[in-house]
Amino acid sequence: MNDKKSETISEELVLHIAHLARLAIAPDEVREFTHQLAGIIEYVNMLSKAEVKEATPAYDPGQCIFRDDEILPSMPIAEILMNAPVVEGNFFKMPKILGGEE
Amino acid sequence: MKLYDKTAHELGIMLNRREITSQDITQDISARIKQHDDKIKAYLSVMSEKSLEDAINADKMICDKKGVRVTGIPIAIKDIICVKGHKCTCGSKILENFIAPYDATVIERLKKAGSVITGKTNLDEFAMGSSTENSAYFTTKNPWNIERVPGGSSGGSAAAVAAGEAIWALGSDTGGSVRQPAAFCGITGLKPTYGLVSRYGLVAYASSLDQIGIFTKDVKDCAILLGAIAGRDERDSTSADVHIPDYFNNLSENKKRPRIGIVKEFFSKSLDRGISELIKKAAEKLESIGFPLVEVSLPNIEYSLPAYYIIAPAEASSNLARYDGARYGLREAASDDIISMFKETRKKGFAREVKRRIMLGTYTLSSGYYDAYYLRAQKVRTLIKKDFSNCFKECDVIMGPVTPTTAFKIGENIDDPLKMYLSDIYTVSINLAGLPALAIPCGFSDGLPVGFQLIGKAFDEDALLSIGHAFQSETDFHLKRPPMFYD
């Protein structure tokens, strides 16, 4: 298990996290976020004291909920596009996806 | 006639006797909003014309003898619940001009029952906060002292009910966001059992924790409103398939005397002495009414706040990924590559606290950190759930504080996120366990309201409401009104 929790939060790490989260942060914000996130992580590290050996994680819903496979009306296209920033025909218009940063 | 000062159950009787109309109530509330909301700032948008139309429709329903208990009563809605055709900003700039294309299930049910919607209330952005100071628009004031916060994230809804700018209101509670503002504003607030009220149309913050909650002047009104919105919804797969009791009629029917557990870990140094005294007095009052008190323990309770501040931001980082400028909301069109568009849109559209929580969530879910943080927090969540189950072998309902302090000053905690998170210390465990909890006013400390909460077994809202109703039948804290806005 690659347990990196003892590393402190560095500004490089914060910039990496921001990139993963598709957030641009201004240079003057990086230091402040780094300091605040480090403080929060230090606080939540208290969980390392908890006796979790026997516990299973709480996220298993136990069953899948299905509905009957019947065709129901879809949301009208006009309503779907109603809040769209840029529209072309019945499409959301987007900047180039291929050949970009990644 | 000061209709704004009456409860829904009182107004219901007057409506049925044709002493007043829904239009009378609605006009009274509208006038109240016009008169006071510039000072309180509870509302992001007021639906004056629409509310009058709703009132006319409600009056027709009552005339046709089709009225029910919520018919004709003005309700304020936290601006994170979709009302079709109206803006739903979630307190954020990223949805500044977003018009909801559909009604939330709770709104559909309320409209069908002839409710009157007064408007959308202010909140911390995307429900992330404990003071309503994180709204991208403005801060709401506490009607008891306008230099203080109303609490959060549903501060607008709480302030509106406390000041008579709505008869009742809906909010949402993910880590205390209904109960804490209810306590700060001296009103009644309920977080239902997870799954009791449909989340369809509630903009998601943390999907395993979010629940739509209720603000009212008293427990009787709470029982009425809960009955109108609770129940299975096919469109929310986490919605429970349980029988919905007649909460209102059951209030006085309940002859049982549930045992009330007092959690020893709740009365620690972090609890303000004034609040501690009032909670103890409230417990003594309940005992004198005939509810036996039992000392109980929640051994892992100190881990609930750190577990919450790992799980909720993790879920938020996933839920808020949809705000990317593609299909709705703000798009920052400056650049012509997609990644830059996402980054700049989100940089511009989200304020600091939301960014902080997204980054926290992204970090704890990322490779190398997932096991130590998210997985561990979910295991701790299981421990907390087990603690509550064990408690409920010794008692039927648990009682405790809602907040460690009374309403703090505007600006006091805003620069210290961790200090702000600590105001949720008594509320988050209940969301982690998925249990219902009811916050009820129990006095004043230094002139500011204090509330206690009753925590119940899953789907046992009846027990909470009947104990709360018994308490309010013997006390008058719920009848107090903020002096600045009432003669």
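The model described here is a predicted one.

In soluble globular proteins, nonpolar side chains tend to be buried together. Here, the largest nonpolar core comprises 170 residues. Within this core, the residues with the most contacts are B:Ile81, B:Phe126, B:Leu170, B:Phe388, B:Met399 and B:Phe452. The element that gives the most to the core is helix α13 of chain B, spanning residues 371–394, with 10 residues. A separate, second core has five residues, among them B:Val149, B:Phe184, B:Ala407 and B:Phe408.

Attention now turns to strand β4 of chain B (residues 168–173). Six of the six residues of this strand are buried, so β4(B) is largely enclosed by the rest of the structure. One side carries B:Trp168, B:Leu170 and B:Ser172, the other B:Ala169, B:Gly171 and B:Asp173, and both faces are covered.

Two other strands pair with β4(B). Strand β2 of chain B (residues 74–78) pairs with β4(B) in the parallel sense over three bridges, and B:Ala76 has B:Ala169 as its bridge partner. Strand β6 of chain B (residues 211–216) runs antiparallel to β4(B), joined by five bridges. Here B:Leu170, already met among the core residues with the most contacts, has B:Ile214 in β6(B) as its bridge partner.

Terms used
Residues numbered from 1 in each chain as written. Chains lettered and ligands numbered in written order. Predicted model: local features only at pLDDT ≥ 70, side-chain atom pairs only at ≥ 80, totals over all residues. Heavy atoms only, no water. Core = buried A, V, L, I, M, F, W, Y, C linked by side-chain atoms within 4.5 Å. Buried < 20%, exposed > 50% of the residue type's maximum accessible area, 1.4 Å probe, protein only. Helix = DSSP H or I, 4+ residues; strand = E, 2+ residues; numbered from the N terminus. Pairing = 2+ DSSP bridges.
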